[in-house]
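User: I'd like to learn how to read the overall fold of a model and then one residue in it. Could you walk me through it?

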Amino acid sequence: MLFFNLSAFYFFYFAAVGVYIIFLPKVLHDIGYSTFDIGIIFALAPLMRFITPFLFLKHIKLDQKMFKSALYISVFSSACFYLTIENFFLFMINNAILAACLSLILPYLEVTAISTLGKEKYGKSRLYGSIGFMIISLVLAKFLTQPFIAIHYYLVLNILTVIFALLLLKYDVQKVESENKEPFSFLKYWPLWISLFFMQMSFGGFYNFFTIYETEHNISLEMTSYLWSFGVICEILMLYFQAPLLKNNLLNLIKICVGITIVRWFLLYLYPDSLTITFLTQSLHAFSFGLYHSTVIIFLYTLYENKKLAQQFMYGVAYGLGGFIGAFVAGAVYGEFLFLFSALFALLSFISLYFIKK
């Protein structure tokens, strides 16, 4: 039952992420938002994911009560999209509140997933999130005829995510006392945190502008949705078969994944009009997200005693601060050199890994 509930949670959570990443930038662009406005909106959300974890170092306790509050507020914020989407400032504030809630939900349950399922079953459960992401990319591309349709999908998926998240709470074992024996510290593994930051910064152009980038290079929205789906299929295959790889040196795996990501972005820069090359770059998503994400999650799990806070800071520093600056830079430099910048950021991530003491 745990495996089913966790798989369902991942399915609906990442289906909602699919709506948010793939289609919401296009929706905002179609109703009159500039690329710079879109960059600001999608930069504010990861900024909130970065700020939120710091509240839990001393001031707030990350427990089930706080987790439930985040779930309920996320549904309320999703519903408010209907009222705020056509106003830049209101939508920006609403988006920030939603991001603060989401910064608690996934990291909290990732620890439960790893500690109860183990490395092998974690990957197989997590792949259902990729399936949800892929399905929504195919389905919504055919039915997105007006902005509110995307919001309908997002709200329903968010409600289903909350339902299964609440069902998973009975498997959550509170170990606050034992986890807090050693104070959480960035300095001990500072090169890793810098690498995580630049890696996700390199995804700023991809997550926020890939759909717009491809459609402006004469690739249809439907074909772009196939590109998204193909990348996710490759990710699913990696998640299913990755268990033997995770038995190797985790730091070396991270280096390989980041190196492949550099190649991925550089190819998108060199061949923006080539559908064949774009499909090739999407196949590399198996490494730059699928294997990379799992390896980093498990690597941090082995490094820190306070595992939930470590996961929360991973999402905060990487997907939060890195995503914030990445989205902002991508919105500012959008154009011919978008993915060249992405390749340079990934290169900085790669170099940082060599400063980690073995």
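User: Glad to start with contacts: how much of the contact set comes from residues 24 or more positions apart?

Analyst: A contact means heavy atoms within 4.5 Å. Here, among contacts with a separation of 6 or more, 85% join residues 24 or more positions apart. Do keep in mind that this is a predicted model: local features need pLDDT of at least 70, side-chain atom pairs count only at pLDDT 80 or more, and totals for chains, interfaces and linings use all residues. Residues are numbered from 1 along each chain as its sequence is written, and side-chain values use heavy atoms, with hydrogens and water left out.

User: Which secondary structure elements does the chain have?

Analyst: Helices (H or I, at least four residues) and strands (E, at least two) are DSSP runs, numbered from the N terminus. This chain has 15 helices and 0 strands.

User: And how much of the chain is buried?

Analyst: Buried means under 20% relative accessible area, with a 1.4 Å probe and protein chains only. Of the 358 residues, 59% fall in that class.

User: Let's zoom in. Where does Leu 157 lie, and is Leu 157 buried or exposed?

Analyst: Leu 157 sits in helix α6, which covers residues 147–168. With 10% relative accessibility, Leu 157 counts as buried.

User: What does Leu 157 touch?

Analyst: Leaving aside residues up to four places away in sequence, Leu 157 touches Phe 12, Ala 15, Ala 16, Val 19 and Ile 136. Take Ala 15: 142 residues separate Ala 15 and Leu 157 along the chain, yet their C-alpha atoms are 6.9 Å apart.

Technical notes. Buried means under 20% relative accessible area, exposed over 50%, partly exposed in between (1.4 Å probe, protein chains only).
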